Amino acid sequence: MKDMYEPYETPDGRTIGGCLMEMKNITLKFGGVVAIKDISFDIREGEIRAIIGPNGAGKSSMLNVISGFYHPQEGEVWYKGAVRPAMKPYEVARMGVGRTFQNIALFEGMTVLDNVMTGRLTHMKASLWEQALWWGKAEREEVFNRDQVEKIIDFLEIQAIRKTPVGRLPYGLKKRVELARALAAEPSLLLLDEPMAGMNVEEKEDMSRFILDVNDEFGTTIALIEHDMGVVMDLSDRVVVMDYGKKIGDGTPDEVRNDQNVIDAYLGVPHE
Amino acid sequence: MNATATPTGELCSVPALLRRNAQKYGDRPAYREKEYGIWQSWTWAEAAQEIEWLALGFLALGMERGDHVAIIGRNRPDHYWAMIAAQMCGAVPVPLYADAVAEEAAYVLGHCGARFVVCGDQEQVDKVIDVQDQLHQIDHVLYHDKRGMRKYDHEHLNWLHDIQEEGRASHYRHEEELRRREAELTYDSTCVMLYTSGTTGKPKGVVLSNRNIIETSKNTSEFDHLRVDDEILAYLPMAWVGDFIFSMGQALWNGFCVNCPESAETMMTDLKEIAPTYYFAPPRVFETQLTQVMIRMEDAGKFKRWLFRHYMDLAKRVGPQILDGKPVGMLDRMRYALGEFAIYGPLKNTLGFSRVRVGYTAGEAIGPEIFDFYRSLGINLKQLYGQTEASVFIAQQPDNEVRADTVGVVSPGVEIRIDDKGEIFYRSPGTFVEYYNNPESTASTKDAEGWVATGDAGFFEEGTGHLRIIDRAKDVGKMADGHMFAPKYVENKLKFFPDILEAVVFGNGRDRCTAFINIDLTAVGNWAERNNIAYASYQELAGHPQVLETIRSHVEEVNASVAQDDMLSACQIHRFLVLHKELDADDGEMTRTRKVRRGKIEEKYADLLEALYDGSETIFTKTEVTYEDGRKGSISATLKLVDAKTVTPRHHEVAAE
């Protein structure tokens, strides 16, 4: 088993490291409905890992298990070499798991800058009093955090909308702001829930570029759910395929593409 | 002429001006750039130090006298510094248009034989790597922005700041050589080489000497009383001669501060934050800003709209007179002051024009309404006339003698003569040395006495001595019946309508005039939104019957106005069509400075042009388009040809009677 996690270099020169997160025999039920049934897979450091599947396959549930929003009835989540106990989502966030949402969850009335600043919250240590009086640690932290945020704004090329309230932005840009906020937390694992849903081709191209750049420049491990197969196959190093709560495929895009189970699930087969 | 006998004393090169500024204005801001949300600034002393290190680094890389150093990127202090550093080494900077596609860049890089290329970012590096296989003369590529560059083969590729650090470390070794090279620079050394976009043919490399740049900067700075505490925003392409004069020549001569925006998209915000005192923009920028103001006012509440209209009417009546220092009644002056407090001041602040002392526009004719709008707000907007070969300035408007329809008086130090065909010739200290490696073109443009043909037709107005430009001399033609044909005159009138972005009028050698028209997506799109007209694309909106109807009413208005002019009344438009795509520099239909390439368009859309004359109702057409990444595709459309009413000119009526 061990040699599976030997670091290796991808053709485009990125290094994929050891196991960052491992899901072991996860089963998630809502009452009598089984959303995820005995699924195991891993996410390696530095890779882009996609979870795909038809509607209702349990992809979002899976992502919510990883982010600590749902607690599976059975199975274990291993993170950085240890079993992760049941945690609140904010505790998971503090451990370095950041995420974006399928239906954008930004503060509409706040500016882009303020929204991205909220992503730094887990890095702020100053007490309420220090913050209220703008004294001691508070000021130093604000300056440092603003600098970090500005670098992300520069990276994602959203300088022009820095002071624009999020509510006034078009959909594609909101998605980018959400990515910025997630990045501001400096996550070691970034979860993207349908980052390209509802985008046009040009916006998708931009977003793909940014996802690759984030992975490349910051070395962030990325797990993403996406419907657009073309995008998934181009972006990811490895793909997990789910259908009706079960894992039906796992491997490189090429392996998955030629897997009969996957073809059947996506294209449908006449049942004999 | 003796190279040392300069009217500017010792200051016979750009690096010499830098040294003076570092001494005289050491603590004053020289360059600012907004990065990471903050305006970073460098004083003249700091900038001089940075530039010297960079020059030392260039020497360490083996830069020789006379080498060409290409610079491709947006306006950033480092790019200006690279130009001065190259000059210090005795090399010649050649700024390129940052948005040029690879083939265009390849031509220029190959023509000037650049050994060094300074790139802004990965995009530009990719462009250079693309063409490097055909051009073997490029020895070193330097880049400023590190993003995405990690995986490139760095054998001949360097981060600009690493070179600077190398220069700093090796200063003992190279300092003496640098001093020697700087001392060799004379008034006649080449200061910069700029490629003209050229409405026809391949771009030509215009060689400008230190004399050209420094004397022009000196004369025009005195003309407009520019000062050390002026501020400019450097946002126009670095390859354009205007930016070189404003951000290099005049900035170094006066020691004022050059501010670089954060990115092209933030330009308007940055403009507002900097509030420059000296500003230049092509008419298009002023048009866009005015359109935006008007659109936003439409969305304002009733009272605000009333207030805006009320005070804008007042401004239109007395604003320009107050600006020109002409007598205006006491009551109107007081009302204007109130307007300044309520409307004009805040509006100027929003536009970033609060502190503008001297503003210029040039390149194209500006609509009189647009021009007057800005002047009535109290912004000293003026026009100038110039070209690359003249180091910009040929004619410009002095304060208090500003009108929309002239380009002003002859610039200081410039002589103008107009030949019998109406073409304008000039001679000035700014007149270029030569076209690089192109003696034929040099000889055909500049005669032995130094007179240069502008290619523009114009005349001096009686009484005021102001110069008026009619059109490009070669575009002025004759119609089949012998009437004068001046397309630009009509096109400009059309373009003054906010709905019309671009127009191309045809009729040379034909019996009547026709036109291609581009709608302005911002203005027409806004109108469509207001009137609940759904559209999915530019093409769909451009073909909408109501849009065509609106454009027709504009054309007919223009026809009525053209009919008033005795000389040009035959240029009325009988038939027109609205094009299914915007004319674009990437498709070769316009120059990078957005001037239409008439011949190219006539050739490319020959089918459409024919349809305008053969009486068809509609025409199906397929057009090749180039995407921003250089790929090609095509779009097809069925266009409707629209007839427009024309007006019988006055003198014809008389003749008929």
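**Exercise 1.** At what angle do the axes of helix H11 (residues 283–298) of chain B and H14(B) cross, and within what distance do they come?

*Conventions.* This is a predicted model, in which local features need pLDDT of at least 70, side-chain atom pairs count only at pLDDT 80 or more, and totals for chains, interfaces and linings use all residues. Residues are numbered from 1 along each chain as its sequence is written, while chains are lettered from A and ligands numbered from 1 in the order in which they are written.

*Solution.*
Step 1. Helices (H or I, at least four residues) and strands (E, at least two) are DSSP runs, numbered from the N terminus. Axes are lines fitted to C-alpha atoms, for helices over the stretch in contact, and angles run from 0 to 180 degrees between N-to-C directions.
Step 2. The axes of H11(B) and H14(B) cross at roughly 75 degrees and come within 10 Å.
Step 3. H11(B) is therefore roughly perpendicular to H14(B); angles under 35 degrees count as roughly parallel, over 145 as roughly antiparallel, 65 to 115 as roughly perpendicular and the rest as oblique.
Step 4. H11(B) contributes B:Phe286, B:Glu287 and B:Leu290 to the contact, and H14(B) contributes B:Ile370, B:Phe373 and B:Tyr374. Residues are in contact if their C-beta atoms, placed from the backbone, lie within 7 Å.
Step 5. By class, the contact of H11(B) with H14(B) has five nonpolar residues, no polar ones and one charged. Ala, Val, Leu, Ile, Met, Phe, Trp, Tyr, Cys and Pro count as nonpolar, Asp, Glu, Lys and Arg as charged, and the others, Gly among them, as polar.

**Exercise 2.** Describe the packing of helix H12 (residues 302–323) of chain B on helix H14 (residues 368–376) of chain B.

*Solution.*
Step 1. The angle between H12(B) and H14(B) is about 70 degrees, and their axes are 8 Å apart.
Step 2. H12(B) is thus roughly perpendicular to H14(B).
Step 3. On the H12(B) side are B:Ala315, B:Lys316, B:Gly319, B:Pro320 and B:Leu323, which meet B:Asp372, B:Arg375 and B:Ser376 in H14(B).
Step 4. The contact of H12(B) with H14(B) divides into three nonpolar, two polar and three charged residues.

**Exercise 3.** How do strand S17 (residues 415–418) and strand S18 (residues 423–427) of chain B pair?

*Solution.*
Step 1. Strands pair if DSSP finds at least two bridges between them. S17(B) and S18(B) run antiparallel and are joined by four bridges.
Step 2. Opposite B:Ile416 stands B:Tyr426 of S18(B).
Step 3. The hairpin has four residues between the strands, and B:Gly422 takes a positive phi near 95 degrees.

**Exercise 4.** In what order do the six strands of the open sheet in chain A lie?

*Solution.*
Step 1. The order is S8-S9-S10-S5-S11-S12, with mixed pairing.
Step 2. At the edges are strand S8 (97–100) and strand S12 (246–251) of chain A, each pairing on one side only.
Step 3. From one strand to the next, the twist averages 15 degrees.
Step 4. S8(A) runs parallel to strand S9 (residues 189–193) of chain A, with four bridges. One of the residue pairs is A:Val97 with A:Leu189 in S9(A).

**Exercise 5.** How many residues of chain A are in contact with chain B, and how many of chain B with chain A?

*Solution.*
Step 1. Nine residues of chain A are in contact with eight residues of chain B.
Step 2. Helix H5 (residues 137–155) of chain A gives the largest share of the chain A side, four residues.
Step 3. By class, that side of chain A has one nonpolar, two polar and six charged residues.

Notes
Contact = placed C-beta atoms within 7 Å.
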